[in-house]
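Here is my note on the model you sent. Please read it with the coordinates open.

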Amino acid sequence: MAAPRAEGAGAHVVLVGLPGVGKSTVGRAAAERSGVPFVDFDDEIERREGRSVARIFAELGEPRFRAAERALTAELRGAAPAVLAPGGGWIENGDVVGLLRPPARLVYLRASTATVLRRLGAATSARPLLSGPDPAGAIERLLERRRPAYESADVTLDTEILGIEKLIGAVVQLVTVRGVGYVIG
Ligand code: S3P
């Protein structure tokens, strides 16, 4: 008889957190090692719209981008288990979380705003919500507003304590073995 699967195994693992915390890097590597698909929302939306996220915001408006995020989320609802890396604002885009969880599990990649700013460096200019004159203030306000949503994730991984290999390993374990509520660290 086949061994019973851990609770939650076989469901999407969704990486959430501020821009610059490493959602795409960690997610892509973890998916590759686990042999499941990886979906980078920003990349997929750029492909569908035929322009960069910055240009979607500037030329079509943020509501159009958010609608594309919601549509992609709804499509993934019945798809084979994957690692998903939506943009940092996905979590506050209506009821997108409810479209996937349960059975999906959310993983919050945590970092302070100072760390995020340092990691992003000049890349803030490619993020429409951070490209104004005060990226530090903008990121602080985003975190203040989104923190409760991020902290409602099933698992939190502190990217200031865990190095990249540990982060990837933790996500691989969530994809392949462990169920909801497992505390890593
Ligand atoms: C956004 C984050 C970006 C991208 C868009 C909006 C946000 O993704 O989706 O610029 O609202 O925080 P990353 O978190 O991958 O930078």
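1. Basis. This is a predicted model: local features need pLDDT of at least 70, side-chain atom pairs count only at pLDDT 80 or more, and totals for chains, interfaces and linings use all residues. Residues are numbered from 1 along each chain as its sequence is written, and side-chain values use heavy atoms, without hydrogens and water.

2. The largest pocket holds about 590 Å³ of space. A pocket is an open set of points on a 1 Å grid over the protein atoms alone, where a 1.4 Å probe fits, with protein on both sides within 12 Å along at least five of seven lines. The volume is the space filled by probe spheres set on the points.

3. Lining. The largest pocket has 35 lining residues, meaning residues with an atom within 4 Å of a point. Pro19, Gly20, Lys23, Asp42 and Arg127 lie nearest its centre. Elements giving two or more residues include H1 (23-34), H2 (41-49) and H8 (164-176). H1 gives the most, with four. Helices are DSSP runs of H or I, at least four residues.

4. The lining has 16 nonpolar, nine polar and 10 charged residues. Gly counts as polar here.

5. Strand E4. Five of the six residues in E4 (105-110) are buried, that is, under 20% relative accessible area with a 1.4 Å probe, protein chains only. Strands are DSSP runs of E, at least two residues.

6. Pairing. E4 runs parallel to E1 (13-16) over four bridges; valine 16 has tyrosine 108 as its bridge partner. E4 and E5 (155-158) are also parallel, joined by four bridges, and valine 107 partners valine 155. Pairing requires at least two DSSP bridges between the strands.

Note on methods
Buried < 20%, exposed > 50% of the residue type's maximum accessible area, 1.4 Å probe, protein only.
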